[in-house]
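User: I've got a fold open on my screen and I'd like to learn how to read its core and its sheet. Can you walk me through it?

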Amino acid sequence: MTWSLYALRCQPHLKSLDDKIEEIMSTNDADRQIKQMVNFILQEAQEKANEIRIKTEHDFNLEKQMLVHNAKLKIQEEYARKEKEREINKRIARSAEIGASRRKKMIAREELLQSLITEGKARCAEATKNEASYRTLLRDLAVQGLIKLHETEIMIVVRNKDVKLVESLLPEILSNYAAIIKQETGLDVSKTHLTVCKEERQQLPATAAGGLKLVARQGKIVCDNTLDTRLLQVNYDQKPTIRHILFPEIKK
């Protein structure tokens, strides 16, 4: 058999084989295209998924930062509020402590001043035991009161135990008073009528340090020249000086 005859015999088979190969190739192209489409879709889906993941992470981080920032601000505000409250309480406590200390000082100082008045009253009472000096003191207090009142009818009020002493002084009191007024004004007040109160309920209490009161016009006009009142008046007038002597740290 020659080669040409063999070729003729095989030609139908070769054509069938070519058709099959062509069919297979067409099928492979379709599969390849499908595969390419699938790969493209998968790639697009993956890229989209990555975009969503990145955006989600960004939004999450942003929200987390916002929450952390707000929490920090809230903590700082709470701390500032508590610090301010602590400072206010500290100032209040300090102010209360200073106030209490000042009150204690004031009470102690006032007690000392009162003790001086008590001691002064005791010394005044002791001084009245010297009849000669007390006699002169009563005379001068009475004359001073008469000059202040300048009335024609005056009653002198003293302690019950001083009644007789003052009665014995009436002429001298009136004489000194008249002499002073005559010298200073030229007026004659020698006719002034002086009496001593003998009603115990109207007299000075026995606890009084001494001295006297002058009463005119049925008690409407009174000149208080008792030692107790004079002591209180001196204490009032000289209190700044007394305080400065006792408490030199206090400014006048």
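User: Which residues have the most contacts inside the largest nonpolar core?

Analyst: A nonpolar core is a set of buried Ala, Val, Leu, Ile, Met, Phe, Trp, Tyr and Cys residues joined through side-chain atoms within 4.5 Å; buried means under 20% relative accessible area with a 1.4 Å probe, protein chains only. Here the largest one has 29 residues, and Leu212 and Leu214 have the most contacts inside it. Keep in mind that this is a predicted model, where local features need pLDDT of at least 70 and side-chain atom pairs count only at pLDDT 80 or more. Side-chain values use heavy atoms, without hydrogens and water, and residues are numbered from 1 along each chain.

User: Which elements each supply at least two residues of this core?

Analyst: Helices (H or I, at least four residues) and strands (E, at least two) are DSSP runs, numbered from the N terminus. In this core, H2 (131–149), E1, H3, E2 and E3 each supply at least two residues, and the largest share, 10 residues, comes from H3.

User: What is Leu212 in contact with?

Analyst: Contact means heavy atoms within 4.5 Å. Beyond neighbours within four places in sequence, the partners of Leu212 include Leu138, Ile156, Leu204 and Cys223.

User: How do strands E1 and E2 run, parallel or antiparallel?

Analyst: Two strands pair if DSSP finds at least two bridges between them. E1 (residues 153–157) and E2 (residues 193–196) are parallel, joined by four bridges, and Met155 sits opposite Thr195 in E2. E1 also has four bridges to E3 (residues 211–216), and that pair is antiparallel. There, Ile154 faces Ala216 in E3.

Conventions: Buried < 20%, exposed > 50% of the residue type's maximum accessible area, 1.4 Å probe, protein only.
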